[in-house]
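The sequence and the model are shown first.

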Amino acid sequence: WELRRLLCGPYDDRGARLTISAGAGGVDAMDWAEMLERMYMRWAEAGGYQVAVLDRAAGDEAGITGGRHAYGYLRCEKGTHRLVRNSPFNAKGLRQTSFAGVDVMPVLGPDDLPELDLNEKDLEITTMRSGGKGGQNVNKVETGVRILHVPTGLAVKCTQERSQAQNKAIALDLLKARLLANSREPPMEEAGSRMGAVADCNTHAHRVQGCLFHPYKLVKDTRTGTETSDVQAVMDGELGGFMAAVLRQRGRQAVGDSLAAEP
């Protein structure tokens with residue numbers, strides 16, 4: 001009940017569209033992205049949410065989680081996630097640091113999207129070949145669409161349909177939803193959150209979550225101080241404690257801001 005009261009953002013009660021992208025770290029980063037996908041899938045299934053994978057490429061996964069307050073909880077995870085471990089892909093088993101980015105946006109319907117006037121000159125539209133199911137068409141025709149909103153730098157991609165026109169329409173709706181969410185939601189510190197406690201971790205502490213598998217096991221949220229040595233439980237989707245801590249911190253910040261605004 002307490003946490004539901006803290007889910008007071010304009011779209012916190014909506015479903016969520018989550019995108020995971022491998023960052024620096026080569027094949028380890030791609031593996032880290034897949035590990036994160038499994039973690040969020042386990043979290044969603046344990047919470048009774050409906051999950052669907054919309055797009056998948058090497059080191060790049062996009063999925064949708066349907067259910068009340070899915071976005072409110074998952075918004076706590078937005079940011080860069082860091083993994084430190086002995087690489088299983090290195091013949092010498094050397095320690096490897098890998099990064100993956102997590103982006104979360106609310107699932108909005110047609111009634112939620114206003115008639116935003118998107119200037120064509122502000123949009124950079126590119127096409128690509130889609131992967132996955134769809135027959136030979138997805139391999140021969142560039143049906144996938146990526147749209148970059150130049151003024152803000154926001155980019156969206158859609159490859160889930162067989163038609164380029166359909167993918168473009170969906171991508172435009174996704175871009176509108178992202179612009180709308182950014183304009184109406186209160187600012188929130190992106191995941192400066194869970195990271196391995198190594199000597200140089202502060203280099204990335206401004207927007208980094210992470211897990212430390214070596215030289216010892218630790219998952220720590222640098223925003224709230226929440227930590228656990230049970231790394232396996234976290235990777236199995238037990239994220240409730242970390243999400244609750246972030247939500248409570250957000251609630252305290254909101255109260256502090258309102259008091260500061262009073263004359």
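Y49 has a relative accessible area of 14% and is therefore buried, where buried means under 20% relative accessible area, exposed over 50%, and partly exposed in between (1.4 Å probe, protein chains only). The model is predicted: local features need pLDDT of at least 70, side-chain atom pairs count only at pLDDT 80 or more, and totals for chains, interfaces and linings use all residues. Residues are numbered from 1 along each chain as its sequence is written, and side-chain values use heavy atoms, with hydrogens and water left out.

**Aromatic pairs**

Rings of Phe, Tyr and Trp (its six-membered ring) pair if their centres lie within 6.5 Å; planes under 30 degrees apart count as stacked, over 60 as edge-to-face and the rest as tilted.

| Pair | Geometry | Centre to centre | Angle between planes |
|---|---|---|---|
| W43 and Y49 | stacked | 5.2 Å | 25° |
| W43 and Y73 | edge-to-face | 6.4 Å | 65° |

W43 lies in helix α2 (residues 26-46) and Y73 in helix α3 (residues 70-74), so their pair ties together parts that are 30 residues apart in sequence. Helices (H or I, at least four residues) and strands (E, at least two) are DSSP runs, numbered from the N terminus. Through these ring pairs, W43, Y49 and Y73 are linked into a cluster. W43 counts as buried at 10% relative accessibility, and Y73 is likewise buried, with a relative accessible area of 14%.

**Nonpolar core**

A nonpolar core is a set of buried Ala, Val, Leu, Ile, Met, Phe, Trp, Tyr and Cys residues joined through side-chain atoms within 4.5 Å. The largest such core has 51 residues, and those with the most contacts inside it include W43 and L36. Helix α2 gives the most to this core, with eight residues. Leaving aside residues up to four places away in sequence, L36 touches I20, H81, A100 and V102 (contact means heavy atoms within 4.5 Å).

**Strand β4 and the cysteines**

Six of the eight residues of strand β4 (residues 79-86) are buried, so the strand is largely enclosed by the rest of the structure. Strand β4 pairs with strand β5 (residues 95-106) in the antiparallel sense over eight bridges; two strands pair if DSSP finds at least two bridges between them. V84 stands opposite T97 in β5.

The structure holds zero disulfides, a disulfide being a pair of cysteine sulfur atoms within 2.5 Å. C8 counts as exposed at 62% relative accessibility, whereas C158 is buried, with a relative accessible area of 0%.
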